[in-house]
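Below is a briefing on one protein chain, for a reader who has not seen the structure before. Please look over the sequence and the model first.

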Amino acid sequence: MKLNNTAIKNAKPLANKDLRLSDGEGLYLLVKKNGTKCWRLDYRFNGKTRVFSMGVYPEVPLKEAREKKQKARKLLNDGKDPNREKKIQKIKRQQAIAHS
């Protein structure tokens with residue numbers, strides 16, 4: 001089942017548990033007990049299950065989360081770990097700021 005904006009806006013956490021709303025292909029919205037809604041992507045790399053965090057809803061809307069999922073899937077197809085690539089990009093941004 002694909003998510004839609006109405007389902008996301010109306011999502012509430014369970015009493016004492018986080019809620020996972022799946023969008024398919026490993027993408028899901030994690031609704032934490034405190035009400036925070038985070039986009040996550042489950043994937044396997046080198047035989048290990050990993051989680052790629054893509055941001056907090058509503059700062060990252062559904063359409064953007066799906067785009068990030070596609071980019072992460074492309075990295076996986078190219079043999080690259082999305083989490084590692086995210087860290088590399090973060091370091092590059094920090095170095096660019098430090099040298100400007």
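This is a predicted model: local features need pLDDT of at least 70, side-chain atom pairs count only at pLDDT 80 or more; totals for chains, interfaces and linings use all residues.

Residues are numbered from 1 along each chain as its sequence is written, and side-chain values use heavy atoms, with hydrogens and water left out.

**Overall layout**

- The chain holds 3 helices and 4 strands; helices (H or I, at least four residues) and strands (E, at least two) are DSSP runs, numbered from the N terminus.
- Along the sequence these elements follow the pattern α-β-β-β-β-α-α.
- The C-alpha trace spans about 45 × 35 × 25 Å along its principal axes.
- Of the 100 residues, 30% count as buried, where buried means under 20% relative accessible area, exposed over 50%, and partly exposed in between (1.4 Å probe, protein chains only).

**Strand β2 and its partners**

- Strands β1 and β2 run antiparallel and are joined by 5 bridges; two strands pair if DSSP finds at least two bridges between them.
- L19 stands opposite V31 of β2.
- The hairpin of β1 and β2 has 2 residues between the strands, and in it E25 takes a positive phi near 55 degrees.
- Strands β2 and β3 are also antiparallel, with 5 bridges between them, and L30 stands opposite C38 in β3.
- In the hairpin of β2 and β3, 5 residues lie between the strands, and G35 has a positive phi near 100 degrees.
- Because 5 of the 5 residues of β2 are buried, the strand is largely enclosed by the rest of the structure.
- Both faces of β2 are covered, with L27, L29 and V31 buried on one side and Y28 and L30 on the other.

**Nonpolar core**

- A nonpolar core is a set of buried Ala, Val, Leu, Ile, Met, Phe, Trp, Tyr and Cys residues joined through side-chain atoms within 4.5 Å.
- The largest one has 20 residues, of which L3, I8, L21, L29 and W39 touch the most other members.
- The elements that give two or more residues to this core are β1 (19–24), β2 (27–31), β3 (37–45), β4 (48–57) and α2 (62–77).
- Leaving aside neighbours within four places in sequence, L3 is in contact (heavy atoms within 4.5 Å) with residues including I8, L21, D23, L29 and W39.

**Two aspartates in the strands**

- D23 lies in strand β1 and is buried, with a relative accessible area of 1%.
- A polar atom of the D23 side chain lies 2.7 Å from the backbone nitrogen of L3.
- D42, in strand β3, is partly exposed, with a relative accessible area of 23%.
- The side chains of D42 and Y28 are joined by a polar contact of 3.3 Å; such a contact is a pair of N or O atoms within 3.5 Å, and within protein one must be able to donate a hydrogen and the other to accept it, while residues adjacent in sequence count only if both atoms are side-chain atoms.
- D42 and G26 are 16 residues apart in sequence and 4.9 Å apart in space, C-alpha to C-alpha.

**Helix α3**

- D81 caps the N-terminal end of α3, with a side-chain oxygen 3.1 Å from the backbone nitrogen of N83.
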